[in-house]
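Here's a quick briefing to read alongside the model. Have the sequence and the 3D view open, and let's start with the inside.

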Amino acid sequence: MSENKDPQVTTPETQGQKFVYDFTEGNKDLKDLLGGKGANLAEMTNLGLPVPPGFTITTEACKVYLESGTEPAELRDEVSAHLDALETRMGKKLGQADDPLLVSVRSGAKFSMPGMMDTVLNIGLSDESVAGLATQAGDERFAWDSYRRLIQMFGKTVLGVDGELFEEALEAAKEAKGVTVDVDLDAADLKKLVKQFKKIVVRDAGRDFPQDPREQMDLAIKAVFDSWNTDRAKLYRRQERIPGDLGTAVNICSMVFGNLGPDSGTGVAFTRDPASGHQGVYGDYLQNAQGEDVVAGIRNTMPLAELESIDKKSYDQLMQIMETLETHYKDLCDIEFTIERGRLWMLQTRVGKRTAGAAFRIATQLVDQGLIDEAEALQRVNGAQLAQLMFPRFDDEGAVGGKGPELLGRGIAASPGAAVGKAVFDSYTAVKWSRSGEKVILIRRETNPDDLDGMIAAEGILTSRGGKTSHAAVVARGMGKTCVCGAEDLEVDTKRRRMTVGGRVIEEGDVVSIDGSTGKVYLGEVPVVPSPVVEYFEGRMHAGADDADELVAAVHRIMAYADRVRRLRVRANADNAEDALRARRFGAQGIGLCRTEHMFLGERREMVEKLILADTDVEREAALDELLPLQKADFIELFEAMDGLPVTVRLLDPPLHEFLPDITELSVRVALAESRKDANENDLRLLQAVHKLHEQNPMLGLRGVRLGLVIPGLFAMQVRAIAEAAAERKNAKGDPRAEIMIPLVGTVQELEIVREEADQVIAEVEAATGTRLKLTIGTMIELPRAALTAGQIAEAAQFFSFGTNDLTQTVWGFSRDDVEASFFTAYLEKGIFGVSPFETIDKDGVGSLVRSAVAAGRATRPDLKLGVCGEHGGDPESVHFFHEVGLDYVSCSPFRIPVARLEAGRAAAESQGSDSR
């Protein structure tokens with residue numbers, strides 16, 4: 001494609017393939033091929049909206065380039081043909097000296113990646129054609145401003161020149177002129193700046209700025225392809241879980257200019273408020289500017305509503321187009337537009353990114369408007385957004401007056417939430433301090449794509465420039481980060497690492513608090529209060545009350561629908577009555593995991609020590625007899641809290657040494673006592689026991705079912721406590737539904753031996769109490785061998801619960817505590833993991849074992865109950881997988897229960913239909 005004739009690739013796969021589409025040829029459903037931007041430009045063209053003519057190079061061309069290092073052989077001729085057609089339509093040639101056609105070269109992947117990939121405007125300008133543009137426009141200043149912008153963008157994006165060099169030269173030019181904004185530089189100033197910019201290119205890129213317009217375009221196209229694999233793009237994809245093999249499309253669009261004077265401008269509009277979801281006129285507009293000025297936040301914008309008083313004709317047309325697009329896409333639309341001398345042009349639309357609260361509000365509003373049904377509303381929100389809504393918010397009363405935090409100023413509420421942290425002024429420091437455990441707020445004049453690392457590491461982002469559509473705002477909303485933009489009262493000095501407000505100086509390391517819902521910025525830590533959504537789940541706020549929060553009402557409606565359609569039941573991981581009751585308030589339908597080891601901590605640890613140190617059967621039985629009534633009391637409380645719902649009790653699982661003192665600490669204690677000739681007999685026996693029980697790899701040692709087989713009476717005591725507690729609750733007219741779970745089974749013989757003992761104990765309790773008990777006995781599937789022999793194990797098990805935490809460790813050969821601290825970060829950075837397998841189920845490995853175990857288990861026992869009790873039970877993506885493979889329930893921590901309920905509903909609705917967008 002380049003004039004320098006790089007090697008080109010023709011393969012059987014690419015031969016005859018179409019790599020370039022005119023805007024008149026595509027539609028919104030071709031995002032895989034044309035990228036989101038190209039597909040939506042085509043869709044707007046089809047709708048008859050004013051879109052500048054152009055064409056799109058497909059993602060398939062990008063994939064060939066990325067895989068082979070060269071573009072497909074057919075691409076150059078296709079681009080030439082479409083460029084010829086564009087030139088014919090526009091009546092002028094690319095870079096023509098007397099009347100140049102200029103184009104923009106923009107990236108556009110399937111999924112929106114704001115600011116992560118490259119764009120170059122004004123392609124076609126040169127030393128020769130800049131005069132022609134000035135003549136045609138009747139505005140010499142505009143022509144030279146456009147040329148300096150091209151050199152600046154091209155130099156940074158295509159030739160790899162440090163963008164700060166151009167910014168410094170621009171700032172120096174404004175300082176020399178005694179002005180503060182770009183528009184106050186005249187044509188003569190800009191001519192000088194162009195000369196300086198070209199010198200910077202020669203010095204730092206080692207070549208002249210290209211004067212051939214086709215070479216400019218070809219190099220820009222390659223730069224867009226290459227930008228798919230920049231560090232910032234890869235980091236953003238990992239953060240947003242976007243596949244790395246999609247590639248980007250490239251959009252070549254004839255230029256329209258917003259920098260032709262006060263009757264021109266550029267803006268970004270939303271059909272609803274992306275921060276709150278409220279209907280109205282939302283967006284930013286900037287007179288006499290090009291698009292990057294708005295997004296970069298370099299100049300503070302005016303609210304879009306003010307356009308009505310500046311250019312009512314364009315404003316009214318824009319309002320009509322916004323209504324057309326929202327009705328057509330049936331969703332909030334994000335729109336980029338330019339006005340060129342009073343004529344409106346649409347440059348982009350897409351389904352807009354929004355905050356979590358806006359997502360819920362908009363989904364229910366669209367149902368009420370009849371644009372979508374409840375099933376689709378459920379697909380418009382997700383568990384991650386619901387989790388965000390459950391985070392605490394600032395206590396407004398604690399944030400004003402008294403000796404509390406000091407209000408520093410106020411900016412634009414760009415992305416809601418409450419964030420507190422130490423002030424830092426660059427991304428490197430944000431990442432460094434965050435890794436050291438510090439919470440930080442990243443403060444910048446404006447952010448750019450190179451700040452992504454720091455934005456991810458920070459609790460929140462604060463900028464002194466930019467609006468709701470600036471880079472900081474758009475990216476923060478996409479990530480669910482708190483963000484305040486355009487706080488003009490704050491003077492940010494990144495070089496001196498400080499911020500000044502009036503006479504107050506905030507140094508790096510000072511604690512600040514930012515409220516993304518109000519735009520307020522405080523010095524110090526503002527206290528937080530529970531979210532209204534949590535208050536609703538706790539039952540302290542009723543969705544139907546007169547004073548009900550609008551957001552709570554939206555959450556209630558969508559949760560109610562999710563509960564009606566979901567097949568998966570949702571249980572809680574809870575070990576005590578308090579957690580069980582909270583889980584029940586949050587909608588839990590039982591307990592999927594009660595970890596009995598948590599009942600042996602605190603004061604009871606000494607009783608476990610007695611059990612471990614027992615030398616005789618008599619001593620061991622005495623220790624067990626001492627533990628029995630305590631265990632029974634625990635279970636009575638739990639069964640009462642979950643009356644009428646299933647409670648899965650896991651028998652003791654961890655290695656016994658976890659109940660003993662640390663070997664080093666105990667050794668020192670014994671040695672010091674011996675040096676004082678004050679040896680403690682019990683400590684000596686404990687030390688011997690610790691040495692005896694010490695294992696090189698305790699996670700694979702004496703634990704789980706192995707404990708029940710090696711230590712006589714241990715599991716029998718626990719089963720007896722469960723049975724007696726169930727009998728007592730039943731005699732008290734309760735409805736206990738206990739399920740006994742044997743951990744770490746690897747072979748059916750282990751389960752058979754433990755089950756035989758358990759059945760005998762249950763029969764003894766039934767005889768002693770005269771109560772018929774319905775206790776089921778099953779096992780955790782947490783070892784690969786258990787999953788592989790699930791058909792055999794199902795002969796002795798009435799239920800399976802997949803312990804995906806340990807199953808992940810044993811499938812991968814990972815010790816979680818070790819690997820997460822040592823090399824997981826490197827694996828994530830290198831793309832070996834898209835996400836930690838401990839966070840989201842590894843479908844290909846661990847998931848494959850789960851799938852086969854489900855099939856084998858149910859083949860043996862068709863009524864086998866199946867669930868999962870690992871942390872994956874509350875992970876949104878994993879819940880969809882568990883629905884797909886046919887589990888009966890998921891179990892997770894109480895706080896994640898609403899998320900699991902929502903995702904279980906989404907999984908059911910998703911399997912029945914698709915998103916209309």
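Which residues have the most contacts inside the largest nonpolar core? In this predicted model, the answer is Phe360, Leu386, Val555 and Ile742, in a core of 135 residues. Helix H27 (residues 714–731) supplies the largest share of this core, with 11 residues. There's also a second, separate core of 59 residues, and Phe55, Leu125, Val158 and Val179 are among its members.

**Packing in the cores**
- As background, nonpolar side chains tend to be buried together in soluble globular proteins.

**Strand E27 and its neighbours**
- Strand E27 covers residues 737–742 and is mostly covered, with 5 of its 6 residues buried.
- On one pairing, E27 runs parallel to strand E26 (residues 646–650), and the two share 5 bridges.
- To find that pairing on screen, look for valine 649, whose bridge partner in E27 is isoleucine 740.
- E27 also runs parallel to strand E28 (residues 776–781), joined by 4 bridges.
- Here the pair to look for is glutamate 739 and its bridge partner in E28, threonine 776.

Definitions and conventions: Residues are numbered from 1 along each chain as its sequence is written. This is a predicted model: local features need pLDDT of at least 70, side-chain atom pairs count only at pLDDT 80 or more; totals for chains, interfaces and linings use all residues. Side-chain values use heavy atoms; hydrogens and water are left out. A nonpolar core is a set of buried Ala, Val, Leu, Ile, Met, Phe, Trp, Tyr and Cys residues joined through side-chain atoms within 4.5 Å. Buried means under 20% relative accessible area, exposed over 50%, partly exposed in between (1.4 Å probe, protein chains only). Two strands pair if DSSP finds at least two bridges between them.
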